Amino acid sequence: MGILEVKDVGKRFGGLQALGDVNLSVKENTVHAIIGPNGAGKSTLLNCLVGKLIPDTGSVMFDGQSVLGRTPHEINQMGISRVFQTPEIFGDLTVLENMMIPCFAKRDGAFRMRAIEDMMREKDIVEKAESMLVDMNMADKHHMHAASMSRGDKRRLEIGMCLAQEPRLLLLDEPTAGMARADTNNTIDLLKQISDERDITIAIIEHDMHVVFSLAQRITVLAQGTPLVEDDPENIKGHPKVREAYLGETA
Amino acid sequence: MLGLNKKDLQLMLIVTGLTMLAPFILNPFPESSGMAQFNAGYPDLMQRFVIFGIFAIGFNLLFGLTGYLSFGHAAFLGVGSYGAIWMMKLVSLNVIPAIFMGVIVAGIFSVAVGYICLRRSGIYFSILTLAFAQMSYALAYSVLTPITGGETGLQIKSTDRPIFSSLEEGETGRANLFGMDMRQSFELNIGDWLFTFNAGYYIAAIVMLIAFYVSIRIFRSPFGLMLRAIKSNQTRMSYTGLNPRPHTLAAFVISGMYAGLAGGLLVAMDTQVGPERMFWTASGEVVLMTILGGVGTLIGPVLGAGVIKYMENILSKINKDVLHEWFAFMPDGLEDFIVFLVYPFIGKGWHLTLGILFMLVVIFLPGGLVEGGQRIGKWIKNRGKAKDTGGSTEPAE
Ligand SMILES: Nc1ncnc2c1ncn2[C@@H]1O[C@H](COP(=O)(O)OP(=O)(O)O)[C@@H](O)[C@H]1O
Ligand SMILES: [Mg+2]
């Protein structure tokens, strides 16, 4: 049994069958990549896992519990964190404040009224946020406005914010899309380091084969809303169906 | 000290100093001078400064922190006023229970309104709050006449006999604080200057200082951080395991209670209410105050409230005769011409001046008057620095 079990999930948008009978099992403490051509339904599948979309059919179980019918913040509190295709951070706040928010969410839950305390005097939170920034190599950016950072730094911050919550499953939607090669390699190294050092399962949607084959221990190929194959990276590379559906474009 | 950091403590002390010394500061002109009409240090207006300051501080807690623009906040002020005056009519003429009642009634009302309006965000939220406020106004004006006194509103009458009072037969009750009449004043004459220290003003001012202090604490708290997070990125907020809904509702209710506090104080100072207090223009006014002073800043809303109330009460009193007096030294034709030019901006035309000021601030100082102050401060600092570096001719090494 994997930590994430997707069974027969289907999703229609009007006349378009975006997902049809998707089955997927992600093993604990592995890096699992989901690849497929544009419009294959990768983002749709991810949205079904985090509560943004509700699938028409099938079930999604995380650690033995169904996530269907729960709101995004409830699913997050179960232990699933998500990194977006374009970094979603709190642009108006400082980098430190950005990092403190997930620490509060982890400690205090979805809503707790702490309106009179001074947030900078919450020692455990500030310390945790600061050490996370050190881990992310951003300690010097502390008091910067998050919106004024480079795309690569925003991505780092977003990943750091997700990790600060100590999630059991980290979902990433094309984390290197639109990045320069150097930033892409940095992100690969960061993700590698994360999966080596932490007890964490990573599911990554990716378009860039270089990223996929440097990270993934298991790969699912999605095409037109259905999984074509699920296998180890070595076998995926040479798989005829995959070549036809996907790698064929680039090979 | 007081759980504030150094900068906030400084601000708190400055505001405390200014409000306590307001009777002096607002009366800079000698009584017999022509400028005396610009003096704002009379009790009625000073009370308005601080009460509308409270209203705007509360509004800013919602709008400044979460970005939810309520266009119906006057409804909470009005409801608070009605609650307070009924407390005075029925229970006690002491202002404390009346003010408490205002806060509680406005709080309950804002839970209901917030619960419904916060289902939408952006312009739809604003329209919903506006609709609620206009409904409240219409109800207070007509259907609810038995409770609200309809068009004429409510005041304390000679027939009112609150439970806890020892009024003589036929005596009209007056708002008091443990026997101290709100209208009680102490006048100080120094030369040609007259300073008025009014009991009501000082009570309202102390309440405002407490309200201001609480707002600083909220701004700096984890809860305040969450509210700013909502304004910045609600998607990230949800996917970080935080539920935006109860956060915004709590902010909405706190903000509504501030409005109720202001409404209760208005009644405590002047024991009457009418439905016009809930009219949409009153809701718009607090939006203007906050934006003019500086949205999301601590002191901005108070400044904005001060500027607008000053213009409303002082600028609006200047009429044509006064203008002719001022420009009497000019040749007749020129005098008439100047008066003709200036006249639209004063008296009843003060709204025009306010409108222009508002536009200028929004275009050139998006951070409001506070940003203006900061820019001047920076300019002065830089000028000092420029002199330092320019004056030093010695080589650095
Ligand atoms: N909210 C939506 N409404 C309608 N169609 C959608 C919606 N989201 C995605 N789609 C469609 O579903 C298909 C799969 O999209 P998506 O999951 O974004 O693909 P991928 O991420 O693999 O590129 C696409 O054809 C897309 O146009
Ligand atoms: Mg996609």
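At what angle do helix α12 and helix α13 of chain B pack, and how far apart are their axes? Before the reply, a caution: this is a predicted model. Helix α12 of chain B covers residues 280-293 and helix α13 of chain B covers residues 300-313; the angle is about 120 degrees, with the axes 7 Å apart. Angles of 65 to 115 degrees would count as roughly perpendicular and those over 145 as roughly antiparallel, so α12(B) is oblique to α13(B). The crossing of α12(B) past α13(B) is right-handed.

Now the residues at that contact. From α12(B) we have B:E285, B:L288, B:M289, B:T290, B:L292 and B:G293. They meet B:G300, B:P301, B:G304, B:A305, B:V307, B:I308, B:K309 and B:E312 of α13(B). Sorted by class, the contact of α12(B) with α13(B) contains 7 nonpolar, 4 polar and 3 charged residues.

Stepping back to chain B as a whole. The chain has 17 helices and 6 strands. Its C-alpha trace spans about 80 × 65 × 45 Å along the principal axes. Take the contacts in chain B between residues at least 6 apart in sequence: 73% of them join residues at least 24 apart.

Over to chain A, and another helix pair. Helix α3 of chain A, residues 95-108, and helix α5 of chain A, residues 151-164, have axes that come within 7 Å and cross at roughly 30 degrees. Angles under 35 degrees count as roughly parallel, so α3(A) is roughly parallel to α5(A). Here too the handedness is on record: α3(A) passes α5(A) in a right-handed crossing.

On the α3(A) side the contact consists of A:V95, A:N98, A:M99, A:P102 and A:C103, and on the α5(A) side of A:L157, A:G160, A:M161 and A:A164. The division by class is 7 nonpolar, 2 polar and no charged.

Is A:N47 buried or exposed? A:N47 sits in helix α1 of chain A, residues 42-50. Its relative accessibility is 12%, so A:N47 counts as buried, the cut-off being under 20%. Leaving aside residues up to four places away in sequence, A:N47 touches A:K52, A:L53 and A:R82.

Note on methods
Residues are numbered from 1 along each chain as its sequence is written. Chains are lettered from A and ligands numbered from 1 in the order in which they are written. This is a predicted model: local features need pLDDT of at least 70, side-chain atom pairs count only at pLDDT 80 or more; totals for chains, interfaces and linings use all residues. Side-chain values use heavy atoms; hydrogens and water are left out. Axes are lines fitted to C-alpha atoms, for helices over the stretch in contact, and angles run from 0 to 180 degrees between N-to-C directions. Helices (H or I, at least four residues) and strands (E, at least two) are DSSP runs, numbered from the N terminus. A crossing is left-handed if the near helix is turned anticlockwise from the far one by less than a right angle, and right-handed if clockwise. Contact means heavy atoms within 4.5 Å. Ala, Val, Leu, Ile, Met, Phe, Trp, Tyr, Cys and Pro count as nonpolar, Asp, Glu, Lys and Arg as charged, and the others, Gly among them, as polar. Buried means under 20% relative accessible area, exposed over 50%, partly exposed in between (1.4 Å probe, protein chains only).
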